[in-house]
Amino acid sequence: MQKPSIPKGTRDFTPAEMLRREYIFNTIRGVFKKYGYSPIETPAMENLSTLLDKYGEEGDKLLFKILNSGDFLSKTSLPSENPGDSNKFSLEISEKGLRYDLTVPFARFVVQNRNSINFPFKRYQIQPVWRADRPQKGRYREFYQCDADVIGSNSLLNEVELLQIIEEVFEALRVNITVKLNNRKILAGISEVIGEPEKLTDITVAIDKIEKIGPEKVIGELKERGLSDPAISALEPFLCMKEQNLELISRLKTLLGDSETGMKGIEEIENLFRLLTKIDSALNIEFDLTLARGLNYYTGAIIEVKANDAEIGSICGGGRYDNLTGIFGLPDVSGVGISFGADRIYDVLNQLELYPEGIVTATQILILNFGEKEQEYALSLAQQLRRAGIRTEIFPDSVKIKKQMNYANNQNIPFVLMVGEQEIINNSFTLKDMASGEQASLNPGEIISRLAEYQTD
RNA sequence: GUGAAUGUAGCUCAGUUGGUUAGAGCACUGGAUUGUGGUUCCAGGGGUCGUGGGUUCAAGUCCCAUCUUUCACCCCA
């Protein structure tokens, strides 16, 4: 017999773990709803044509592809006939793939359902995504994203609203965060001003690493990527700017004056900061010129959130994309969205033990099983308690009390109720508080009011 | 895709220069206690030593391959 196992980078979750995860999902979902976002779901798999070329070359490599059904080999050339081109071959035997994020399927959804959608469309979506990455710290092959996007509106109010959502979610989860903000138009402006507009991707990828590897190595990498020496020396002042937020904005105005796109980006971020002063936000926001974000489709604001007290990558990210639906045949529709990385948030909360107490238990009271007659009575008593909103279970088998007590302990059930012959006659039952060990003899009404004090949800 | 570490009971781990029948704690089962758990005491079950090959009289231990997990790079939530 083989040992059972699950695929690399995937995980099972026990009931105790799921209670913690549901707490995170419920918190995020609650905030999304509060701001008027509506839920949608899309299939786990998409046509590969929907997914390919949306995430850059690296992203394509990380797509999980699904083998066609049936005798697909008979319809295709054998791999030995085109050696070294397994990528091309894989497209001959695979036409579906697992979704890589929720934004691209959402864009596809919007285009496909454009006639029934009421714009501006505010949707949230909480579903798993898959990446064929090599797993490591905070990185899984299957993980949940919690997305909120507004599509069909250019207004910066949407960016502000998404920042409010970020603030509210992490405040509720009690995670201290720093929000990093940048704008792709500013990055485009920089590459224009230094005379290398086509090298925008190379430039952003390289300067994204500046904190990690330092300016010298970034310059080295840019040389490798074919950036000219005059362009590099023109770029250098941008790499070592120490100004913050508003000062940085005014400094950039003098440097990017020649780039229309760049100035537009500055104007956007300036307005965003101005709007933020109106909402009484305590968010710790940094305008970070080195924030690039990999996903190719971003065109305006880009947002990334880091946990201050835990060593893990970003726990939330997003930005504005002006033409993602254009690829699917619906041009000139701008969208902006954020994505919470639920699994990383889960790791942060586990690391810092930030869960509230009430979530470790589902059942509030266990009715012990004393035998055939007693369990019939317990059945109706349990129903009374449940109607009063108390999460109740009956131990299904009339086994030793020790075992039933042990079950209550292991499940973290705070109360057990003894329903024996004497208790039934007196209509008064022994309620035991499992934490203190105290017992009291109470009638059903008294039990309900006693339990009501422990309502936590 | 590149580089490194790791794998022994359900879980966390010990296992000497290669040498008889591979151990502990926790968990589980039974009992001390037939209606009182979380503490205690006694007893018990549970192992293809990740997998496959090789070296050797002899491999958990050494060598090779492969898989898993973990960490870093690339990239990313």
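A salt bridge here is a side-chain nitrogen of Lys or Arg within 4 Å of a carboxyl oxygen of Asp or Glu. By that rule, this predicted model has 20 salt bridges. Let's visit a few, then head into the core.

**Stop 1: Glu159 and Arg320.** Select this pair and look at the closest N and O atoms, which sit 2.7 Å apart. Glu159 belongs to helix H6 and Arg320 to strand E10 (residues 316-321), so the bridge ties together parts that are 161 residues apart in sequence. Both Glu159 and Arg320 are buried.

**Stop 2: Asp322 and Lys185.** Now pick these two, whose side chains form a salt bridge at 4.0 Å, N to O. Asp322 is in the loop between E10 and strand E11 (335-341) while Lys185 is in helix H7 (residues 184-193), so parts 137 residues apart in sequence are tied together. Asp322 is partly exposed at 26% relative accessibility, whereas Lys185 is buried at 15%.

**Stop 3: Lys209 and Glu221.** Here the closest N and O atoms are 2.6 Å apart. Lys209 lies in the loop between helix H8 (200-207) and helix H9 (210-224), and Glu221 in helix H9.

**Stop 4: the core.** Which residues have the most contacts inside the largest nonpolar core? Select Ile166 and Phe340; the core itself has 100 residues. Helix H6 (residues 157-172) supplies the largest share, 7 residues. Beyond its neighbours within four places in sequence, Ile166 touches Ile177, Val179, Ile303, Val305, Cys316, Ile338 and Phe340.

**Last stop.** A second, separate core has 16 residues, including Ile365, Leu417, Val419 and Leu442.

Technical notes. Residues are numbered from 1 along each chain as its sequence is written. Chains are lettered from A and ligands numbered from 1 in the order in which they are written. This is a predicted model: local features need pLDDT of at least 70, side-chain atom pairs count only at pLDDT 80 or more; totals for chains, interfaces and linings use all residues. Side-chain values use heavy atoms; hydrogens and water are left out. A nonpolar core is a set of buried Ala, Val, Leu, Ile, Met, Phe, Trp, Tyr and Cys residues joined through side-chain atoms within 4.5 Å. Buried means under 20% relative accessible area, exposed over 50%, partly exposed in between (1.4 Å probe, protein chains only). Helices (H or I, at least four residues) and strands (E, at least two) are DSSP runs, numbered from the N terminus. Contact means heavy atoms within 4.5 Å.
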